[in-house]
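Got a minute to learn how to read a protein model? Let's go through one together.

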Amino acid sequence: RWWDQFDSPALDRLMVQALQHNPGLEAAQHTLEQARYEFKAAQGIFYPQVALDAGAQRTRSSGASSGGRAGALAYNMYTGQFNVSYYPDAFGLNRLVAQNAQAQVDVAQEQLRAAQLVIEGNVANAAIRLAALGEQIEATEKSIADERAILELIRGQYAAGAVSQLQVATQE
């Protein structure tokens with residue numbers, strides 16, 4: 001909030017509005033969030049991977065396998081599987097993948113900060129230019145008012161015979 005140094009409530013409102021409603025900034029925030037999730041996923045390689053699979057099935061035999069008996073047998077079959085695996089980091093590849101993911105998070109953070117600074121700078125420059133133009137307009141309007149007052153004085157002098165028509169025309 002470096003712009004607080006200007007002590008301008010109007011500039012503060014402009015900055016807050018620009019930062020809250022900027023799609024580019026929102027995209028940069030989402031990119032950072034994505035990079036953080038990818039980093040968490042890359043860190044997962046350092047932990048054991050666990051998988052559990054379970055199944056149940058109801059089966060009826062055809063009866064042909066039971067020696068020709070008339071009734072078919074029905075039975076339930078339950079299966080289960082439990083796997084644990086671990087990927088050793090023998091050559092440092094897993095560590096490099098995690099470091100790369102962390103670097104992507106760092107880059108995304110800096111891109112977000114750069115986007116914020118660009119927006120803040122653009123808003124501050126526009127506000128300063130607008131204020132400067134307002135001052136120029138005010139000075140020009142004051143100059144026009146002064147010139148009109150002088151014209152009225154010269155017209156009064158002309159009416160009194162103190163100046164020529166040329167001086168009135170020049171002032172006009």
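Q: What should I know before starting?

A: Residues are numbered from 1 along each chain as its sequence is written. In this predicted model, local features need pLDDT of at least 70, side-chain atom pairs count only at pLDDT 80 or more, totals for chains, interfaces and linings use all residues, and side-chain values use heavy atoms, leaving out hydrogens and water.

Q: How many helices and strands does the protein chain have?

A: Helices (H or I, at least four residues) and strands (E, at least two) are DSSP runs, numbered from the N terminus. Here you get four helices and two strands, in the order α-α-β-β-α-α.

Q: What is the radius of gyration of the protein chain?

A: That value is taken over C-alpha atoms, and the globule rule is 2.2 Å times the number of residues to the power 0.38. A compact globule of 172 residues would come out near 16 Å, but this chain has 41 Å. Its C-alpha atoms fill a box of roughly 145 × 50 × 25 Å along the principal axes.

Q: Which residues of helix 1 are buried?

A: Buried means under 20% relative accessible area, exposed over 50%, partly exposed in between (1.4 Å probe, protein chains only). In helix 1, that's L11, M15 and A18. Looking down the helix 1 axis, the buried residues sit within an arc of 70 degrees (using directions from the axis to the C-beta atoms), so they line one face. The face turned away from that buried side carries the exposed P9, R13 and Q20.
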